[in-house]
Amino acid sequence: FHWTDDPACPLVLTMDWSSLESLLACNRSAEYKLVHSRGTHTKSALIFGAAFHSALECFYKRSPSDTIESLLELGGRAIQAEYALNSHVIIDDYRTADYCFSCYSMYLGEYFNESITPYIHEGKPLVEFTFVYPVGMTEVPANLFDKWGVGKLTNDETREKQVLYDLKVTTLRNPLPDTTTIPCRIEWSGIVDVLMQMGDGKTLRVCDHKTTSILSDAFFNSFQVSMQPVGYVAAMRAAFPDLNIKGFYLNSVICRAPTKTGTSYESYRRPYDYTTEQCDEWKSDLLALIGELLHNLTSKNFPKKTNWCAGKYGACPYLDVCSAPASQRAMILNTGLYSDNT
């Protein structure tokens, strides 16, 4: 939650895909990540993905005079900078900076002369840009902040104390009754990799780069209904109502461990068309899920969804916490096994 200067709507709850994904997986994991702000340490796969994204940003922001050689140099610097930011992380598998640069080089060789280009808005290519999309209003119980402790749920402890003090003086009650609420605007936010103008020049798609080591039909099929791409398309249609934003464009880059006989690098793309009805349904689903989150916060009960304790990518990172007695979980969560989620 963030406080605003608007007396009619003093509170904003902003939800991004990373936060929503944790709630979709398991309410208890969402509590650990979003309320207690504890998460797993950065892993090599995340560093590799971030570095590859940084290199692709250089590629898609290129000028007409850029050559493959100049883009290799720019992308290489971006990759090295990302790995330097995470120099404290030990890269214990094949996802090194050199391997990332090798994959980027192959990507450039494959797509340097492609016909699709970033959409230009106000003189700038829409590459790696943030958005905030207002999706609705709600009322948040004021005593929610007392329940969790002042400063736990919002970005400004001083402001929170003042608001609660004013409410308590107004209602002459301490603690606040459940009926005392604060108006709150709900926002959906994120970072779009590229708003891509397709070859015909008339159709646009929200392009998202995905690096993965696992390729399957399920991977591609999931994007037909995934809340992230549908939500990104809904936000872009709201931001640019006069443009023909047809849907989503998955730019998947498969980077496996190099072997003597196997194919370590592959690239596949697939378009997805989303109807207005799908975007409307996404919005109602999002508001319902946020309502679930608010219920969990109000009841101070985030139930476990145990079907996800062990998934195809391994065990849930919070499995050790949930396996311990309730009295010990906070202690484990605050050990060196986890880091601050900022």
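Predicted model: local features only at pLDDT ≥ 70, side-chain atom pairs only at ≥ 80, totals over all residues.
**First stop: the start of the chain**

Select H2, which belongs to strand β1 (residues 2-3). H2 counts as partly exposed because its relative accessibility is 41%. Display its surroundings next: apart from neighbours within four places in sequence, H2 contacts P10, L11, V12 and N155.

**Second stop: S189**

Now select S189, in strand β8 (residues 181-197). S189 and H2 are 187 residues apart along the chain, and their C-alpha atoms are separated by 14 Å. Is S189 buried or exposed? S189 is buried, because its relative accessible area is 12%, and the cut-off for that class is under 20%. Residues up to four places away in sequence aside, S189 touches T14, M15, D16, W17, F131 and V132.

How many salt bridges does a search of the whole structure find? The search finds 13, and three of them, listed here, may be selected in turn. Side chains of opposite charge can pair when their charged atoms come close.

- Select E57 and K61. A salt bridge joins E57 to K61, with the closest N and O atoms 2.8 Å apart. E57 is partly exposed, at a relative accessible area of 25%, and K61 also counts as partly exposed, at 41% relative accessibility.
- Select E73 and R77. Their side chains form a salt bridge of 2.5 Å, N to O. Both residues are in helix α4 (residues 68-85), where they stand four residues apart, about one turn of the helix. E73 is partly exposed, with a relative accessible area of 45%, whereas R77 counts as exposed, at 53% relative accessibility.
- Select E114 and R269. In this salt bridge the closest N and O atoms are 2.5 Å apart. The pair connects distant parts of the chain, 155 residues apart: E114 is in the loop between α5 (97-111) and β4 (117-118), and R269 is in strand β11 (residues 265-273). E114 is buried, with a relative accessible area of 16%, while R269 is partly exposed, with a relative accessible area of 22%.

**Last stop: a charged patch**

Finally, select E277, D280, E281 and D285 and show the surface. Which charge does the patch formed by these residues carry? The surface patch is negative. D285 counts as partly exposed because its relative accessibility is 36%.

Technical notes
Residues numbered from 1 in each chain as written. Heavy atoms only, no water. Patch = residues over 30% accessible without salt bridge, like charges linked within 9 Å, V, L, I, M, F, W, Y side chains within 5 Å. Areas by Shrake-Rupley, 256 points an atom, 1.4 Å probe, with all protein chains shown as cover. Salt bridge = Lys/Arg side-chain N within 4 Å of Asp/Glu carboxyl O. Lys, Arg positive; Asp, Glu negative; His and termini not counted. Charge placed at Lys NZ, Arg CZ, Asp CG, Glu CD. Buried < 20%, exposed > 50% of the residue type's maximum accessible area, 1.4 Å probe, protein only. Helix = DSSP H or I, 4+ residues; strand = E, 2+ residues; numbered from the N terminus. Contact = heavy atoms within 4.5 Å.
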